[in-house]
Amino acid sequence: MRRLWLLFAQAVTIVLALYFVYYAVQPGWHARPGTVQQLGTPSQPAVATVAAPAPTSGSFRTAAGRAMPAVVNILTSKALPRKHPLLRDPYFKRFFGDREGGEEEEDDQNSLGSGVIVSPDGYILTNYHVIEGADEIEVVLADGRQSAAKLVGTDPETDLAVIKIGLDRLPAIVLGHADQAKVGDVVLAIGNPFGVGQTVTMGIISALGRNNLHINHFENFIQTDAAINFGNSGGALIDTNGNLLGINSAIYSQTGGSVGIGFAIPVTTAKTVMESIIKSGHVVRGWIGVESQEITPELAQSFGLQRDRGAIIAGVVRNGPADKGGMKPGDILVSVEGKPVRDTTEMLNLIAQLEPGGTARMRVLRKNREAELAITVGKRPVPKK
């Protein structure tokens with residue numbers, strides 16, 4: 001019996017020894033199914049496949065990635081007039097000298113700007129001053145493709161223009177809601193400043209509804225501190241979802257560089273202008289034929305006015321819509337189609353939105369008495385260049 005017990009004890013000892021040796025020599029063999037093992041030693045770290053980090057709350061890579069493909073670089077050229085053939089005649093130069101000097105070949109003026117693809121059909125929004133007077137327009141996409149563009153139409157009064165290219169598989173930007181934007185919202189400006197290549201800058205909306213800047217005839221700018229420089233004109237101002245809020249148009253600067261005061265045309269204005277240009281080649285606006293003046297505290301006190309809001313009608317075009325409707329110089333325009341008029345800029349915008357040929361109700365204050373006039377709206381004349 002004692003002998004059997006000793007044999008049993010020796011067998012158990014041998015089994016335990018083999019078990020410990022097994023685990024010590026091959027630690028990876030006993031891993032449980034479904035677990036991840038990190039192979040390697042402290043002197044030789046394990047190599048593992050790591051997924052790309054998810055965007056943090058402070059990153060706007062997704063918004064930029066959505067909008068950047070739709071922002072293009074615009075190059076324009078304008079041929080300068082050739083010199084008169086006599087100026088190249090040696091006999092003429094012998095008696096009169098080289099009057100012009102310099103090169104005798106035709107020169108081109110090249111300029112850089114930006115634009116935004118707003119339709120898969122190839123329509124691109126940009127600033128009027130980017131393509132003004134251009135003989136040739138070349139568009140360079142973010143993916144490197146190039147195409148000649150044709151001019152669809154312009155609207156100098158808002159500094160907007162529409163051009164079109166004929167490429168396929170075009171990335172169109174999503175139009176946002178500028179009317180829902182608030183001061184303090186984060187925005188990104190995308191363009192091609194100084195020709196260095198596509199660039200994204202970040203800022204906030206500094207102000208809304210900026211006007212009286214004497215940049216355009218119709219002004220309702222979004223002001224931002226996102227860096228906008230030469231070459232950004234016509235580029236996109238987007239929200240944090242990558243949607244278009246405005247077309248970058250101008251900056252306030254004493255040096256030519258960004259000082260944190262930039263202006264963009266709201267997408268609501270740009271969309272209205274674009275649709276009108278695509279439909280008829282130009283923008284159709286309402287007009288009643290008046291000259292207006294702001295109501296200042298001094299004028300209100302001088303004329304004994306009981307209000308400091310509205311627009312004083314300083315002049316009326318003879319036989320124009322306002323004249324035929326009974327409006328007179330000295331009237332104060334209070335409202336247009338029920339919408340209050342706070343100043344001359346708002347008056348101009350409200351009248352421009354009216355459909356030519358229709359009848360509009362306008363309320364005026366005349367000798368401290370309000371009167372309602374029915375005026376047949378005319379078509380705003382095309383501005384002289």
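Helices (H or I, at least four residues) and strands (E, at least two) are taken as DSSP runs and numbered from the N terminus. On that basis the protein has eight helices and 20 strands. The model is predicted, so local features need pLDDT of at least 70 and side-chain atom pairs count only at pLDDT 80 or more, while totals for chains, interfaces and linings use all residues. Residues are numbered from 1 along each chain as its sequence is written, and side-chain values use heavy atoms, with hydrogens and water left out.

## Overall figures

Of the 385 residues in the protein, 37% are buried; buried means under 20% relative accessible area, exposed over 50%, and partly exposed in between (1.4 Å probe, protein chains only). The accessible surface comes to about 23300 Å², and carbon and sulfur atoms hold 54% of this area. Accessible areas come from the Shrake-Rupley method with a 1.4 Å probe, and for residues only the protein chains shown count as cover. A contact is a pair with heavy atoms within 4.5 Å. Among contacts between residues at least 6 apart in sequence, 60% join residues at least 24 apart.

## Pockets

Pockets are found on a 1 Å grid over the protein atoms alone: a pocket is an open set of points with protein on both sides within 12 Å along at least five of seven lines, whereas a cavity is a set where a 1.4 Å probe fits but cannot get out. Lining residues have an atom within 4 Å of a point. Grid points are joined across faces, edges and corners, and a volume is the space filled by probe spheres set on the points.

The largest pocket holds about 850 Å³ of space. Its lining has 30 residues, and those nearest the centre are Phe 218, Thr 269, Asn 349, Leu 350 and Gln 353. Two or more lining residues come from each of β12 (262-266), α5 (267-280) and α8 (344-352). Helix α5 gives the most to this lining, with six residues.

The second largest pocket holds about 420 Å³. Its lining has 20 residues, with His 217, Ser 292, Thr 344, Leu 348 and Arg 380 nearest the centre. Here β13 (286-287), β14 (290-294) and α8 each supply at least two lining residues, and the largest share, six residues, comes from α8.

By class, the lining of the largest pocket divides into 11 nonpolar, 12 polar and seven charged residues, and that of the second largest pocket into eight nonpolar, 10 polar and two charged. In this scheme Ala, Val, Leu, Ile, Met, Phe, Trp, Tyr, Cys and Pro count as nonpolar, Asp, Glu, Lys and Arg as charged, and the others, Gly among them, as polar.

## Aromatic pairs

Rings of Phe, Tyr and Trp (its six-membered ring) pair if their centres lie within 6.5 Å; planes under 30 degrees apart count as stacked, over 60 as edge-to-face and the rest as tilted. The count comes to two aromatic pairs.

| Pair | Centre distance | Plane angle | Class |
|---|---|---|---|
| Phe 194 and Phe 230 | 6.4 Å | 40° | tilted |
| Phe 221 and Phe 263 | 5.8 Å | 55° | tilted |

Phe 194 lies in the loop between β7 (186-191) and β8 (199-210) and Phe 230 in the loop between β9 (221-224) and β10 (236-238), so this pair ties together parts that are 36 residues apart in sequence. Phe 194 is exposed, at 51% relative accessible area, and Phe 230 is partly exposed, at 49%.

The other pair joins strand β9, which holds Phe 221, to strand β12, which holds Phe 263, and so ties together parts that are 42 residues apart in sequence. Phe 221 is buried at 2% relative accessible area, and Phe 263 is buried at 6%.

Ser 233 lies in the loop between β9 and β10 and counts as buried, with 16% relative accessibility. Its C-alpha atom is separated by 7.4 Å from that of Gly 191, 42 residues apart along the chain. Beyond neighbours within four places in sequence, the contacts of Ser 233 include Gly 113, Thr 126, His 129 and Asn 248.

Asn 248 is found in strand β11 (residues 244-251) and is buried, with a relative accessible area of 0%. Leaving aside neighbours within four places in sequence, Asn 248 has contacts including Asn 127, Ile 190, Ser 233, Leu 237 and Phe 263.

## Positive phi values

Phe 194, although not a glycine, has a positive phi of about 55°. Glu 337, also a residue other than glycine, has a positive phi near 55°. Glu 337 sits in the loop between β16 (332-336) and β17 (339-340) and counts as partly exposed, at 34% relative accessibility.
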